[in-house]
Amino acid sequence: MPTSPGLELIESFLVVAEELNFRRSSERLNVDQSALTRRIQKLEATMGFALFERTTREVSLTPAGRTFYEESAGLVRSYQRSIGAARLVAEGKTGSLRVAYMTFAAPDLMPRAIARYKGRYPHVDVRLNYMRTQGQKLALAHDEIDLGYMIGPFEHSEFHTLLLRADPLHVVMPAAHALAQRSKVSPQDLAGEELVIGDEEEWEAYRWEIDKLLAAEGINPSISLQASNTLALNGLVEAGLGITIYPQSLVKFLGDGLRAVPIDHPDFRIETILVWKRLNRARTVAQFVDVARGLKVQG
(Lines give C-alpha, C1' and ligand atoms only; values in the text may rest on other atoms or scores of the structure.)
Protein backbone atom coordinates (compact mmCIF):
# COMPACT_ATOMS: atom_id res chain seq x y z
CA MET A 1 0.00 0.00 0.00
CA PRO A 2 1.46 3.43 -0.95
CA THR A 3 2.46 5.68 1.91
CA SER A 4 0.32 8.82 2.29
CA PRO A 5 2.29 12.09 2.23
CA GLY A 6 2.44 14.19 5.38
CA LEU A 7 0.55 17.45 5.79
CA GLU A 8 3.77 19.53 5.70
CA LEU A 9 4.54 18.18 2.22
CA ILE A 10 1.00 18.84 1.01
CA GLU A 11 1.01 22.41 2.33
CA SER A 12 4.40 23.05 0.66
CA PHE A 13 3.04 21.70 -2.62
CA LEU A 14 -0.03 23.95 -2.43
CA VAL A 15 2.08 27.06 -1.96
CA VAL A 16 4.38 26.20 -4.88
CA ALA A 17 1.33 25.37 -7.01
CA GLU A 18 -0.10 28.83 -6.27
CA GLU A 19 3.16 30.78 -6.67
CA LEU A 20 4.75 28.67 -9.44
CA ASN A 21 8.03 30.06 -8.16
CA PHE A 22 10.30 28.31 -5.67
CA ARG A 23 11.93 31.50 -4.38
CA ARG A 24 8.64 33.22 -3.57
CA SER A 25 7.27 29.99 -2.16
CA SER A 26 10.23 29.50 0.18
CA GLU A 27 9.83 33.08 1.42
CA ARG A 28 6.12 32.54 2.01
CA LEU A 29 6.78 29.31 3.89
CA ASN A 30 9.81 30.76 5.69
CA VAL A 31 12.03 27.83 4.70
CA ASP A 32 15.27 27.52 2.75
CA GLN A 33 14.70 27.15 -1.01
CA SER A 34 16.78 23.97 -1.16
CA ALA A 35 14.73 22.50 1.71
CA LEU A 36 11.53 23.33 -0.17
CA THR A 37 12.90 21.65 -3.29
CA ARG A 38 13.65 18.52 -1.27
CA ARG A 39 10.09 18.53 0.11
CA ILE A 40 8.60 18.61 -3.37
CA GLN A 41 10.96 15.87 -4.55
CA LYS A 42 10.01 13.74 -1.56
CA LEU A 43 6.32 14.31 -2.25
CA GLU A 44 6.71 13.32 -5.91
CA ALA A 45 8.67 10.23 -4.91
CA THR A 46 5.95 9.27 -2.45
CA MET A 47 3.18 9.87 -4.98
CA GLY A 48 5.01 8.08 -7.80
CA PHE A 49 4.47 10.79 -10.42
CA ALA A 50 5.65 14.29 -11.28
CA LEU A 51 3.68 17.27 -10.00
CA PHE A 52 5.63 20.07 -11.68
CA GLU A 53 7.32 20.72 -15.02
CA ARG A 54 10.53 22.66 -14.35
CA THR A 55 12.64 24.61 -16.80
CA THR A 56 15.27 27.27 -16.21
CA ARG A 57 12.64 29.90 -16.87
CA GLU A 58 9.42 28.65 -15.35
CA VAL A 59 7.60 26.17 -13.16
CA SER A 60 4.22 24.76 -14.16
CA LEU A 61 1.88 22.07 -12.94
CA THR A 62 1.62 18.77 -14.74
CA PRO A 63 -1.93 17.60 -15.53
CA ALA A 64 -1.67 15.22 -12.58
CA GLY A 65 -0.32 18.06 -10.44
CA ARG A 66 -3.27 20.28 -11.41
CA THR A 67 -5.76 17.58 -10.39
CA PHE A 68 -3.90 16.94 -7.15
CA TYR A 69 -3.94 20.68 -6.36
CA GLU A 70 -7.68 21.02 -6.96
CA GLU A 71 -8.45 18.08 -4.69
CA SER A 72 -5.88 18.85 -2.00
CA ALA A 73 -6.75 22.54 -1.61
CA GLY A 74 -10.29 21.68 -0.50
CA LEU A 75 -9.06 19.01 1.88
CA VAL A 76 -6.57 21.34 3.56
CA ARG A 77 -9.16 24.09 3.93
CA SER A 78 -11.52 21.54 5.48
CA TYR A 79 -8.73 20.38 7.78
CA GLN A 80 -8.02 23.95 8.88
CA ARG A 81 -11.73 24.57 9.51
CA SER A 82 -11.90 21.39 11.59
CA ILE A 83 -8.99 22.62 13.73
CA GLY A 84 -10.76 25.92 14.28
CA ALA A 85 -14.03 24.20 15.15
CA ALA A 86 -12.30 21.80 17.54
CA ARG A 87 -10.45 24.69 19.19
CA LEU A 88 -13.75 26.48 19.88
CA VAL A 89 -15.12 23.30 21.49
CA ALA A 90 -11.95 22.86 23.56
CA GLU A 91 -12.27 26.46 24.76
CA GLY A 92 -15.94 26.00 25.64
CA LYS A 93 -17.05 28.63 23.08
CA THR A 94 -19.18 26.23 21.09
CA GLY A 95 -20.38 22.63 21.27
CA SER A 96 -23.28 21.23 23.26
CA LEU A 97 -24.24 20.86 26.90
CA ARG A 98 -26.90 18.47 28.24
CA VAL A 99 -28.51 19.55 31.50
CA ALA A 100 -31.15 17.61 33.42
CA TYR A 101 -33.27 19.11 36.19
CA MET A 102 -35.99 18.15 38.65
CA THR A 103 -39.01 20.12 39.86
CA PHE A 104 -37.39 22.08 42.68
CA ALA A 105 -34.68 23.51 40.41
CA ALA A 106 -37.14 24.51 37.67
CA PRO A 107 -38.55 27.75 39.17
CA ASP A 108 -35.28 29.62 39.65
CA LEU A 109 -31.94 27.82 40.08
CA MET A 110 -31.83 26.17 36.66
CA PRO A 111 -33.36 29.04 34.59
CA ARG A 112 -31.11 31.68 36.17
CA ALA A 113 -28.01 29.58 35.50
CA ILE A 114 -29.06 28.87 31.91
CA ALA A 115 -29.73 32.56 31.26
CA ARG A 116 -26.33 33.62 32.59
CA TYR A 117 -24.52 30.79 30.81
CA LYS A 118 -26.19 31.56 27.47
CA GLY A 119 -25.25 35.20 27.94
CA ARG A 120 -21.59 34.26 28.27
CA TYR A 121 -21.48 31.39 25.76
CA PRO A 122 -24.23 32.04 23.20
CA HIS A 123 -22.90 29.55 20.67
CA VAL A 124 -23.11 26.52 22.95
CA ASP A 125 -26.18 24.38 22.23
CA VAL A 126 -27.83 23.80 25.63
CA ARG A 127 -30.27 20.90 25.80
CA LEU A 128 -32.60 20.60 28.79
CA ASN A 129 -34.29 17.45 30.02
CA TYR A 130 -36.69 17.09 32.94
CA MET A 131 -35.70 13.98 34.86
CA ARG A 132 -36.21 12.56 38.33
CA THR A 133 -33.23 12.32 40.67
CA GLN A 134 -32.62 8.60 40.33
CA GLY A 135 -32.95 8.81 36.56
CA GLN A 136 -30.36 11.57 36.49
CA LYS A 137 -27.85 9.44 38.37
CA LEU A 138 -28.21 6.66 35.80
CA ALA A 139 -28.06 9.11 32.89
CA LEU A 140 -24.86 10.66 34.25
CA ALA A 141 -23.28 7.24 34.72
CA HIS A 142 -24.14 6.33 31.10
CA ASP A 143 -22.93 9.71 29.74
CA GLU A 144 -26.42 10.58 28.51
CA ILE A 145 -26.32 13.98 30.25
CA ASP A 146 -23.48 16.24 31.37
CA LEU A 147 -24.94 17.80 34.54
CA GLY A 148 -27.96 17.22 36.72
CA TYR A 149 -29.93 19.34 39.17
CA MET A 150 -31.17 16.78 41.67
CA ILE A 151 -32.23 16.22 45.26
CA GLY A 152 -29.37 15.66 47.69
CA PRO A 153 -27.48 14.53 49.50
CA PHE A 154 -25.48 12.40 47.09
CA GLU A 155 -21.92 11.22 47.63
CA HIS A 156 -20.14 8.97 45.15
CA SER A 157 -16.47 8.63 44.23
CA GLU A 158 -17.23 8.98 40.50
CA PHE A 159 -19.13 12.26 40.76
CA HIS A 160 -18.62 15.86 41.83
CA THR A 161 -21.43 17.45 43.84
CA LEU A 162 -22.15 21.14 44.40
CA LEU A 163 -24.73 22.08 47.05
CA LEU A 164 -26.82 24.92 45.62
CA ARG A 165 -29.54 25.33 48.22
CA ALA A 166 -30.89 23.79 51.43
CA ASP A 167 -34.57 24.63 50.99
CA PRO A 168 -36.67 25.06 54.18
CA LEU A 169 -39.79 22.92 54.17
CA HIS A 170 -43.28 24.38 54.57
CA VAL A 171 -46.64 22.89 55.39
CA VAL A 172 -49.18 23.81 52.71
CA MET A 173 -52.84 23.82 53.72
CA PRO A 174 -56.18 25.45 52.89
CA ALA A 175 -56.44 29.06 54.04
CA ALA A 176 -59.14 28.05 56.53
CA HIS A 177 -57.06 25.32 58.17
CA ALA A 178 -56.44 25.58 61.91
CA LEU A 179 -52.65 25.85 61.40
CA ALA A 180 -52.85 28.43 58.62
CA GLN A 181 -52.68 31.48 60.91
CA ARG A 182 -49.50 30.41 62.69
CA SER A 183 -46.12 31.90 61.87
CA LYS A 184 -44.50 28.47 62.11
CA VAL A 185 -45.38 24.87 62.97
CA SER A 186 -43.44 22.03 64.55
CA PRO A 187 -43.13 18.53 63.10
CA GLN A 188 -45.34 17.29 65.94
CA ASP A 189 -48.16 19.51 64.67
CA LEU A 190 -48.33 17.24 61.64
CA ALA A 191 -49.18 14.13 63.66
CA GLY A 192 -52.71 13.02 62.90
CA GLU A 193 -53.06 15.21 59.80
CA GLU A 194 -54.12 13.67 56.50
CA LEU A 195 -51.24 14.06 54.04
CA VAL A 196 -51.59 14.65 50.32
CA ILE A 197 -48.21 14.03 48.73
CA GLY A 198 -46.42 13.30 45.49
CA ASP A 199 -46.49 9.68 44.37
CA GLU A 200 -43.41 7.51 44.79
CA GLU A 201 -42.86 7.03 41.05
CA GLU A 202 -42.59 10.74 40.23
CA TRP A 203 -41.46 12.15 43.59
CA GLU A 204 -39.22 9.26 44.65
CA ALA A 205 -36.16 10.99 46.18
CA TYR A 206 -38.29 13.72 47.76
CA ARG A 207 -40.65 11.14 49.25
CA TRP A 208 -37.71 9.24 50.75
CA GLU A 209 -36.37 12.39 52.38
CA ILE A 210 -39.78 13.39 53.79
CA ASP A 211 -40.40 9.89 55.13
CA LYS A 212 -36.96 9.90 56.75
CA LEU A 213 -37.48 13.30 58.39
CA LEU A 214 -40.92 12.41 59.76
CA ALA A 215 -39.72 9.02 61.00
CA ALA A 216 -36.86 10.69 62.87
CA GLU A 217 -39.51 12.67 64.82
CA GLY A 218 -41.57 9.56 65.50
CA ILE A 219 -44.32 10.55 63.09
CA ASN A 220 -46.03 7.93 60.96
CA PRO A 221 -47.89 10.01 58.36
CA SER A 222 -51.42 9.18 57.29
CA ILE A 223 -51.34 9.51 53.50
CA SER A 224 -54.81 10.13 52.11
CA LEU A 225 -53.98 10.77 48.44
CA GLN A 226 -51.02 10.83 46.07
CA ALA A 227 -50.56 12.79 42.85
CA SER A 228 -47.80 13.14 40.27
CA ASN A 229 -47.59 16.94 39.84
CA THR A 230 -47.83 20.13 41.85
CA LEU A 231 -51.00 21.40 40.16
CA ALA A 232 -52.90 18.28 41.21
CA LEU A 233 -51.47 18.45 44.75
CA ASN A 234 -52.46 22.10 45.06
CA GLY A 235 -55.98 21.34 43.91
CA LEU A 236 -56.41 18.42 46.29
CA VAL A 237 -55.16 20.44 49.25
CA GLU A 238 -57.33 23.44 48.38
CA ALA A 239 -60.32 21.10 48.16
CA GLY A 240 -59.73 20.19 51.81
CA LEU A 241 -58.53 16.64 51.23
CA GLY A 242 -55.39 17.03 53.34
CA ILE A 243 -52.20 19.04 53.74
CA THR A 244 -48.89 18.68 51.92
CA ILE A 245 -45.23 19.58 52.41
CA TYR A 246 -43.33 21.71 49.89
CA PRO A 247 -39.86 23.21 49.73
CA GLN A 248 -39.79 26.98 49.91
CA SER A 249 -38.93 27.26 46.20
CA LEU A 250 -42.46 26.11 45.30
CA VAL A 251 -44.36 28.22 47.82
CA LYS A 252 -44.54 31.29 45.58
CA PHE A 253 -46.64 29.34 43.07
CA LEU A 254 -49.51 28.64 45.47
CA GLY A 255 -52.99 29.98 44.76
CA ASP A 256 -54.91 32.41 46.96
CA GLY A 257 -56.81 29.58 48.63
CA LEU A 258 -53.66 28.04 50.10
CA ARG A 259 -51.31 29.01 52.90
CA ALA A 260 -47.72 27.91 53.52
CA VAL A 261 -46.24 27.90 57.02
CA PRO A 262 -42.57 27.04 57.65
CA ILE A 263 -41.71 23.98 59.71
CA ASP A 264 -39.70 25.06 62.74
CA HIS A 265 -36.96 22.42 62.73
CA PRO A 266 -33.36 22.74 61.44
CA ASP A 267 -33.40 19.32 59.76
CA PHE A 268 -36.57 19.94 57.75
CA ARG A 269 -34.81 21.09 54.60
CA ILE A 270 -34.37 19.64 51.14
CA GLU A 271 -31.06 19.98 49.33
CA THR A 272 -30.82 20.90 45.67
CA ILE A 273 -27.45 19.85 44.27
CA LEU A 274 -25.66 20.00 40.94
CA VAL A 275 -23.88 16.78 39.98
CA TRP A 276 -21.45 15.94 37.17
CA LYS A 277 -19.09 13.10 36.40
CA ARG A 278 -15.47 13.46 37.58
CA LEU A 279 -14.22 12.11 34.25
CA ASN A 280 -16.18 14.70 32.30
CA ARG A 281 -13.58 17.45 31.95
CA ALA A 282 -15.25 19.31 29.09
CA ARG A 283 -14.70 23.06 29.24
CA THR A 284 -18.44 23.63 28.77
CA VAL A 285 -19.14 21.65 31.94
CA ALA A 286 -16.54 23.52 33.99
CA GLN A 287 -17.89 26.85 32.76
CA PHE A 288 -21.47 25.92 33.66
CA VAL A 289 -20.40 24.81 37.13
CA ASP A 290 -18.71 28.19 37.64
CA VAL A 291 -21.95 29.94 36.67
CA ALA A 292 -24.03 27.74 38.98
CA ARG A 293 -21.60 28.26 41.86
CA GLY A 294 -21.98 32.00 41.49
CA LEU A 295 -25.77 31.66 41.82
CA LYS A 296 -25.92 29.24 44.74
CA VAL A 297 -28.13 30.29 47.64
CA GLN A 298 -26.26 31.10 50.83
CA GLY A 299 -27.50 29.78 54.18
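Which residue forms a salt bridge with Asp-290?

**View 1. Arg-293 pairs with Asp-290 in this predicted model.** Arg-293 forms the salt bridge with Asp-290, and their closest N and O atoms are 3.5 Å apart. Both residues belong to helix α10 (residues 283-295); they are 3 residues apart, so about one helical turn separates them. Arg-293 is partly exposed, with a relative accessible area of 40%. Asp-290 is partly exposed at 47%.

**View 2. Shared partners build a salt-bridge network.** Glu-18, Glu-19, Arg-24 and Arg-28 are joined into one network. A search of the whole structure finds 18 salt bridges.

**View 3. Lys-184 meets Asp-264 across distant parts of the chain.** The side chains form a salt bridge of 3.5 Å, N to O. Lys-184 sits in the loop between β6 (159-174) and β7 (194-198). Asp-264 sits in the loop between β10 (258-262) and β11 (269-277). The two are 80 residues apart. Lys-184 is partly exposed, with a relative accessible area of 46%. Asp-264 is partly exposed, at 46% relative accessibility.

**View 4. Asp-125 and Arg-127 form a salt bridge.** Their side chains meet at 2.9 Å, N to O. Asp-125 is partly exposed at 36% relative accessibility. Arg-127 is partly exposed at 46%.

**View 5. A polar contact joins Asp-108 and Arg-165.** The side chains are linked at 2.9 Å. Asp-108 lies in the loop between β3 (95-101) and α5. Its relative accessibility is 14%, so Asp-108 counts as buried.

**View 6. Positive charge gathers in a surface patch.** The patch holds Arg-112, Arg-116, Arg-120 and Lys-252. Arg-112 lies in helix α5 (residues 109-120). Arg-112 is partly exposed, at 40% relative accessibility.

Note on methods. Residues are numbered from 1 along each chain as its sequence is written. This is a predicted model: local features need pLDDT of at least 70, side-chain atom pairs count only at pLDDT 80 or more; totals for chains, interfaces and linings use all residues. Side-chain values use heavy atoms; hydrogens and water are left out. Patches are made of residues with over 30% relative accessible area and no salt bridge: like charges are joined within 9 Å, nonpolar side chains (Val, Leu, Ile, Met, Phe, Trp, Tyr) within 5 Å. Accessible areas come from the Shrake-Rupley method with a 1.4 Å probe; for residues, only the protein chains shown count as cover. A salt bridge is a side-chain nitrogen of Lys or Arg within 4 Å of a carboxyl oxygen of Asp or Glu. Lys and Arg count as positive and Asp and Glu as negative; His and the chain ends are not counted. The place of a charge is taken as NZ of Lys, CZ of Arg, CG of Asp or CD of Glu. Helices (H or I, at least four residues) and strands (E, at least two) are DSSP runs, numbered from the N terminus. Buried means under 20% relative accessible area, exposed over 50%, partly exposed in between (1.4 Å probe, protein chains only). A polar contact is a pair of N or O atoms within 3.5 Å; within protein, one must be able to donate a hydrogen and the other to accept it, and residues adjacent in sequence count only if both atoms are side-chain atoms.
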